[in-house]
Amino acid sequence: MTKDQFKNKLKARLRKRLKTQTFDQMTVGGSKMRFDMALAIDGYPFELPEGAEEKDYQPLLSQEQYMSGEYDDVINEVFSEARANAQKA
């Protein structure tokens, strides 16, 4: 997967999550780690929320890809944009 493809998938997933919860709720007060977990970038470590579709929580990257750091710039960019937008609201 290219970085652009990943970025599009990550942003689409973020938009979907923000339909049912705020950025602060999703990230438990703005935590980058919780952001990564909430978007199931390399898997979702919790029980799925009630009514959630399993496909919306499938990993976007393998754990190897996530841990490689190759996509960190994209993840950080999307996180920063989401945090900035939440602060404007």
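This is a predicted model: local features need pLDDT of at least 70, side-chain atom pairs count only at pLDDT 80 or more; totals for chains, interfaces and linings use all residues.
The largest nonpolar core has 17 residues, and F6, L10 and F35 are the members that touch the most others. Helices α1, α2, α3 and α5 (residues 72-88) each give two or more residues to this core. The biggest share comes from α5, with 5 residues. Taking L10 as an example, and setting aside residues up to four places away in sequence, its contacts are L39, I41, L60, I75 and V78.

Charged pairs come next. Side chains of opposite charge can pair when their charged atoms come close. Across the whole structure, 6 salt bridges are found. One of them joins the side chains of E77 and K7, with an N to O distance of 2.5 Å. This pair links distant parts of the chain, since E77 belongs to helix α5 and K7 to helix α1, 70 residues apart. The two partners can be told apart by their accessibility: E77 is partly exposed, with a relative accessible area of 33%, whereas K7 has 19% and counts as buried because the limit for that class is under 20%.

K16 is partly exposed at 36% relative accessibility, while D56 is buried at 15%. The salt bridge between K55 and E53 has its closest N and O atoms 3.8 Å apart. In that pair, K55 is exposed, with a relative accessible area of 56%, and E53 is partly exposed at 42%.

Most residues other than glycine have a negative phi. V28, although not a glycine, has a positive phi of about 50°; V28 is found in the loop between α2 (23-27) and α3 (32-38). A40 is likewise a residue other than glycine with a positive phi, near 50°. The loop between α3 and α4 (63-68) holds A40, and at 0% relative accessibility A40 counts as buried.

Notes. Residues are numbered from 1 along each chain as its sequence is written. Side-chain values use heavy atoms; hydrogens and water are left out. Helices (H or I, at least four residues) and strands (E, at least two) are DSSP runs, numbered from the N terminus. Buried means under 20% relative accessible area, exposed over 50%, partly exposed in between (1.4 Å probe, protein chains only). A nonpolar core is a set of buried Ala, Val, Leu, Ile, Met, Phe, Trp, Tyr and Cys residues joined through side-chain atoms within 4.5 Å. Contact means heavy atoms within 4.5 Å. A salt bridge is a side-chain nitrogen of Lys or Arg within 4 Å of a carboxyl oxygen of Asp or Glu.
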